[in-house]
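Please consider the following chain together with its three-dimensional model. The explanation moves from the overall make-up to individual contacts.

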Amino acid sequence: MTIQEGLPFPQDAAQAGMQESRALAAKHSRRNSFRTWDPPREAMSKMPREWRIQSGPTQHAPDDLAPFVEWFYDQPEARERFRWALRDSLDELLDGQRTGRWAYQHLTKTEKTYLGTAVEVNLTKEFAIDNGADLDWSIAGLDIDCKFSKDLGGWEIPMEMYLCADHGERGGRADHAAVVTWMNDDTSQWAAGIVRITDERLRWKRERGANGDRVRAYNRDNKRKLSDGAKSEVFWLWGGLQTDLPTNLLRHLDPEARERILTASLPRYPSSGQQRVNQLFREVPDRLIGRQTVLTVGQQDDAPKRARDARKALRPKGIVVLGHQGSHPHVARKLELPVPTKGEWISTRLVPVSSDDARPKFSLDGQFWARAREKEQLGPEPVPAPDLPDTRKIDGQAP
């Protein structure tokens, strides 16, 4: 079969009416219409008592797992990259820009099932992991698989991952290792471990009846979970339980503040994405706000533009919105705020102060500015915040 390099466009693609068709479809489309979601009523994840793990356990990697452990530990900033791959995998499914969703519990059943695949795909790309001979991954020249579960200990292991004489052709050619991953967005916890899969480390059960024989505990897909006793066989990367899954700001925000943000509107525009973004920066000062949050709140295409326009709207109210360019990182450091990187912003309310004010401050055109205290500048006529263009000097220095 010959592959055509330049396939002709379908006939309707060349027709002028196609553009009109797209406009007609968009006119009645519901996919990108703004909607709100109720706060979750149930928890995202379970941590069964038998699978509770601690932070910082003292472990020695067994010889058969050492190549995998060493490989991860040798990757530059591996822990940071791993936790952000987990964060991004969930955010991709939430797709807040188009759906307005901000919690795992808002996903459909099908989407929840796909989360494990998204985690594996993103980790594969993040660490440029090669394909294995029998399994999805090859690390340090050895086959290994990746398993994700939202419930700690809930990983489902297929037959091809371990040796079993009863499985015949469906069984594995070796007792393979697995990277087992877990996260709980409600608590910002996550964990990653490596374990060697064996028949005995998977769940068994007692068969019903008089004999009560011990049989393998398969599910409908002929997969089995790790036994509770297998927890001691897992080598936990980076010291066990991690408590710094990158924060899902909307999930952890005060419910009343979140409601004010998501219902903010302009008089002429009952569903204004820009007004919601403005309200976001008013409600959440002095902490970093990422691109994903701005997209979810605005439910519009251009997060940087929404942030830039919020900067213009809030400056008369005494609020600056700092980004990663120009003088903004310098101002953030001088005010002892977290410094935004690309795709991040941070807002704060400023007041003019004297040169001998003890607060962290910066100067612009001979005027010192500091972060406002709780009851400072709350009157009807706040002092407008300074404009911070790239071309002007801050503290007597060019940005």
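Predicted model: local features only at pLDDT ≥ 70, side-chain atom pairs only at ≥ 80, totals over all residues.

Residues are numbered from 1 along each chain as its sequence is written, and side-chain values use heavy atoms, with hydrogens and water left out.

The chain contains eleven helices and 14 strands; helices (H or I, at least four residues) and strands (E, at least two) are DSSP runs, numbered from the N terminus. Of its 399 residues, 45% are buried. Here buried means under 20% relative accessible area, exposed means over 50%, and partly exposed lies in between, with a 1.4 Å probe and protein chains only. Among the contacts with a separation of 6 or more, 64% are between residues 24 or more positions apart, a contact being heavy atoms within 4.5 Å.

Helices α3 and α5 form a packed pair. Two packed helices are described by the angle between their axes and by the distance between the axes. For α3 and α5 the angle is about 140° and the axes are 9 Å apart. The axes are lines fitted to C-alpha atoms, for helices over the stretch in contact, and angles run from 0 to 180 degrees between N-to-C directions. The crossing of α3 past α5 is right-handed; a crossing is right-handed if the near helix is turned clockwise from the far one by less than a right angle, and left-handed if anticlockwise. On the α3 side the contact includes R81, F82, L86 and L93, which belong to the set that meets residues of α5, among them E111, Y114, L115 and E126. Sorted by class, this contact has twelve nonpolar, two polar and five charged residues. In that count Ala, Val, Leu, Ile, Met, Phe, Trp, Tyr, Cys and Pro are nonpolar, Asp, Glu, Lys and Arg are charged, and the others, Gly among them, are polar.

Which residue forms a salt bridge with R81? The partner is E126, and the closest N and O atoms of the two are 2.8 Å apart. Because E126 lies in helix α5 (residues 109–127) and R81 in helix α3 (residues 78–94), the pair ties together parts that are 45 residues apart in sequence. Both ends are partly exposed, E126 with a relative accessible area of 34% and R81 with 21%. A salt bridge is a side-chain nitrogen of Lys or Arg within 4 Å of a carboxyl oxygen of Asp or Glu, and the structure holds 25 of them.

E111 forms another salt bridge, with R101, and their closest N and O atoms are 2.9 Å apart. E111 lies in α5 and R101 in the loop between α4 (96–99) and α5, so this pair ties together parts that are ten residues apart in sequence. E111 is partly exposed at 23% relative accessibility, while R101 is buried at 7%.

A salt bridge also joins E80 to R79, with the closest N and O atoms 3.1 Å apart. E80 is partly exposed at 29% relative accessible area, as is R79 at 21%. A network of salt bridges links R79, E80, R83 and D244.

Helix α9 (residues 291–298) has six of its eight residues buried, so it is largely enclosed by the rest of the structure. The buried residues in α9 are T293, V294, L295, T296, V297 and G298. Q97, in helix α4, touches L295 and T296, and also Q299, Q300 and D301, leaving aside residues up to four places away in sequence. Q97 is buried, with 16% relative accessibility.

The backbone angles remain. Most residues other than glycine have a negative phi. Just after α9, however, Q299 takes a positive phi of about 50°. E77 likewise has a positive phi, near 50°, and is found in the loop between α2 (66–74) and α3. E77 is exposed at 59% relative accessibility. D365, also not a glycine, has a positive phi of about 55°. D365 is located in the loop between β13 (361–364) and β14 (367–371) and is exposed, with a relative accessible area of 59%.
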